[in-house]
Amino acid sequence: MEIKSVGVVGAGQMGNGIAHVLALAGYDVLLNDIDQGALDAAVARIDKNIERQVSRDLVSEQDKANAMGRIQTTLSLPALGGTDLVIEAATEREDVKHKIFDTLLPHLKPETILTTNTSSISITRLASRTDRPERFMGFHFMNPVPLMNLVELIRGIATDEETYRSCLAIVENLGKTAASAEDYPAFIVNRILIPMINEACYALYEGVGNVASIDNALKLGANHPMGPLELGDFIGLDTCLAIMHVLHDGLADTKYRPCPLLTKYVEAGWLGRKTKRGFYDYRGDTPVPTR
């Protein structure tokens, strides 16, 4: 199936990044959110980020104008029903995703492919709540979407080959690389990445090192571009905790037990960059470790 139009559910960091790359690649994008302010902010962010690409001679002014012209926004979830592909990029909560699918499904064309940008939740289980498990799969972009070249493609138990091939073609049209993952908790990237961040939380919790020493150790000792606690703040500590719960519940292994300190930060509302406090305090000119 040739995909020409894409509906994106959620105008947050992931949703606006997905809309950005799709529009630049020539797809008509309908971006949805429950808040008009979020939609306006997303369009402004996309405009700013593409302008940055123009300034670096990565795209032309005409490319930018064409891309921005392909992006429309809507507060109506049913309005996405006429698109060829829907990518759900809402918060990493299964109950929220269920409500979105329940509202959206009666309005979809029979041939529309429905996908989710979930970073950890079972594709098979999500698909079972829809009327099209054969045309449902995981379409997991990495953050920040315009810069990261990987997309995980995750088939549920019922996903058919045509659906997979259609999504693979989109990844290739975007100039990105696909990694096919089996439908197990957290798939490939987060199965490895998030437990590392959780282990860094344990190292901090147990006093092995402070925030700065743990992050510098991984940056300078393992050549990581970003320390694990800094990366947790970038991802969102609530998202990290949610993925650890998925791993712990889904695999029933104590090595995936969420660190109590990670839980405490989330309970405090210190979720990282998006709330200006996490393992670092971002309220000043320079991030300052909170421990």
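A polar contact is taken here as a pair of N or O atoms within 3.5 Å; within protein, one atom must be able to donate a hydrogen and the other to accept it, and residues adjacent in sequence count only if both atoms are side-chain atoms. The structure is a predicted model, in which local features need pLDDT of at least 70 and side-chain atom pairs count only at pLDDT 80 or more, whereas totals for chains, interfaces and linings use all residues. Residues are numbered from 1 along each chain as its sequence is written, and side-chain values use heavy atoms, with hydrogens and water left out.

Helices (H or I, at least four residues) and strands (E, at least two) are DSSP runs numbered from the N terminus. At the start of helix H2, a side-chain oxygen of Asp35 comes to within 3.3 Å of the backbone nitrogen of Gly37. Helix H2 comprises 20 residues, 36–55, and spans 29 Å between its first and last C-alpha, close to the 28 Å expected at 1.5 Å a residue; the expected span is 1.5 Å times one less than the number of residues. After H2 comes Asp57, with a positive phi near 60°.

Residues are classed as buried under 20% relative accessible area, exposed over 50% and partly exposed in between (1.4 Å probe, protein chains only). In H2 the buried residues are Leu39, Ala42, Ile46, Asn49, Ile50, Gln53 and Val54. These residues lie on the same side of H2 because they cover an arc of only 150° around the axis, the arc being that of the directions from the helix axis to the C-beta atoms. In an α-helix there are 3.6 residues a turn, so residues three or four places apart point the same way. Lys48 and Ser55, on the other side of H2, are exposed. With contact defined as heavy atoms within 4.5 Å, the cover over the buried residues of H2 includes helix H1 (13–24), strand S2 (28–32), helix H3 (61–70) and strand S3 (71–74). H2 lies across S2 and S3 and runs at about 165° to S3; axes are lines fitted to C-alpha atoms, for helices over the stretch in contact, and angles run from 0 to 180 degrees between N-to-C directions.

Two strands are considered paired if DSSP finds at least two bridges between them. Eight strands form an open sheet of mixed pairing, in the order S3-S2-S1-S4-S5-S6-S7-S8. S3 and strand S8 (177–181) are the edge strands, each pairing on one side only. On average, neighbouring strands of this sheet are turned by 25° against each other, direction ignored. Strand S1 (residues 5–9) is parallel to S2, with five bridges, and Gly7 stands opposite Leu30 of S2. S6 and strand S7 (residues 150–155) run antiparallel and are joined by five bridges; here Met137 is opposite Arg155. S7 and S8 are paired in the parallel sense, again over five bridges, and Val151 has Ala178 in S8 as its bridge partner.

Two residues were examined individually. Gln72, in strand S3, counts as exposed at 53% relative accessibility. Its C-alpha lies 6.2 Å from that of Val29, although Gln72 and Val29 are 43 residues apart in sequence. Beyond residues up to four places away in sequence, Gln72 touches Val29, Leu30 and Leu31. Arg132, in the loop between helix H5 (123–127) and strand S6 (136–141), is buried, with a relative accessible area of 6%. A polar atom of the Arg132 side chain lies 2.8 Å from the backbone oxygen of Lys109.
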